[in-house]
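Subject: Structure handover

Hello,

I am passing a structure over to you.

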Amino acid sequence: MDDNLKCCFTGYRPSKLPFDVYKANKEYTEFENLLIAKILETVDIGCNTFYTGMAMGFDIIAAETVLLVRKLYKSEIKLVCVLPFKEQADTFSEFWKNKYKGIIADCDEQIILSDNYFKGSYQVRNKYMVDNCDFVLTWFDGKSGGTKNTIDYALKKGRKVININSNFDDCLNLQQRLEI
């Protein structure tokens, strides 16, 4: 078992998720439980470093989950925040900005890829994370956009992809998914 595996997250912004992330509900609770289970399973196979792009929605939720797992299980896992540019959170709502600040305060490392926003800065961030990880953990349902582009890039680079949305496993090349 390799204990130096790295995983990155890619997923949707809140508006593209099929459940409300602002209050407790059955769908969100099921999502959180699946995310916790998959993070624990990746730790069991030797993943000790998780990369998050810190976007509103899936990225921030996944980062909070890594911090929760680290705290509850006293695990040696690390959280790396890969910021596409310094002021990424400036346009976030207060809800997401507060979550962002808490994660930044508790993460193990910050990597800032640019001083300023530029067209394509999010794509550069996503490629950086994929290039530096062994596999990608996502919640994906086939919608086009940044998540799909990141998954396509990961598969092209030979990375294993774990989709916690099992209803849409057929959206991925099953031979390149990581079964854990």
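Six strands form an open sheet. Their order is β4-β3-β2-β1-β5-β6, and the pairing is parallel. Please keep in mind that this is a predicted model. The edge strands are β4 (109-112) and β6, and each of them pairs on one side only. From one strand to the next, the twist averages 25 degrees.

Next, some pairings within that sheet. β1 and β5 run parallel and are joined by four bridges. Phe-9 has Leu-137 of β5 as its bridge partner. Strand β5 covers residues 135-138, and strand β6 covers residues 160-163. These two also run parallel, with four bridges between them. Here Phe-135 stands opposite Lys-160 of β6. To get from β5 to β6, the chain passes through helix α5, residues 146-156. That β-α-β crossover is right-handed.

Helix α5 has a neighbour to look at as well. Helix α4 spans residues 121-131, and its axis comes within 10 Å of the α5 axis. The two axes cross at roughly 35 degrees. The crossing of α4 past α5 is right-handed. On the α4 side, the contact is made by Asn-126, Lys-127, Val-130 and Asp-131. On the α5 side, Gly-146, Thr-150, Tyr-153 and Ala-154 take part. Sorted by class, this contact has three nonpolar, three polar and two charged residues.

Now the aromatic rings. How many aromatic pairs does a search of the whole structure find? There are 14. One to look up is Phe-9 with Phe-58. Their ring centres are 6.2 Å apart. Their planes stand at 70 degrees, and an angle over 60 counts as edge-to-face, so this pair is edge-to-face.

Which parts does this pair tie together? Phe-9 belongs to strand β1, residues 5-10. Phe-58 belongs to helix α2, residues 58-73. The pair therefore links parts that lie 49 residues apart in sequence.

Best wishes

Definitions and conventions: Residues are numbered from 1 along each chain as its sequence is written. This is a predicted model: local features need pLDDT of at least 70, side-chain atom pairs count only at pLDDT 80 or more; totals for chains, interfaces and linings use all residues. Side-chain values use heavy atoms; hydrogens and water are left out. Two strands pair if DSSP finds at least two bridges between them. A crossover is right-handed if, with the strands pointing away from the viewer, the path from the first strand over the helix to the second runs clockwise. Axes are lines fitted to C-alpha atoms, for helices over the stretch in contact, and angles run from 0 to 180 degrees between N-to-C directions. A crossing is left-handed if the near helix is turned anticlockwise from the far one by less than a right angle, and right-handed if clockwise. Contact means heavy atoms within 4.5 Å. Ala, Val, Leu, Ile, Met, Phe, Trp, Tyr, Cys and Pro count as nonpolar, Asp, Glu, Lys and Arg as charged, and the others, Gly among them, as polar. Rings of Phe, Tyr and Trp (its six-membered ring) pair if their centres lie within 6.5 Å; planes under 30 degrees apart count as stacked, over 60 as edge-to-face and the rest as tilted.
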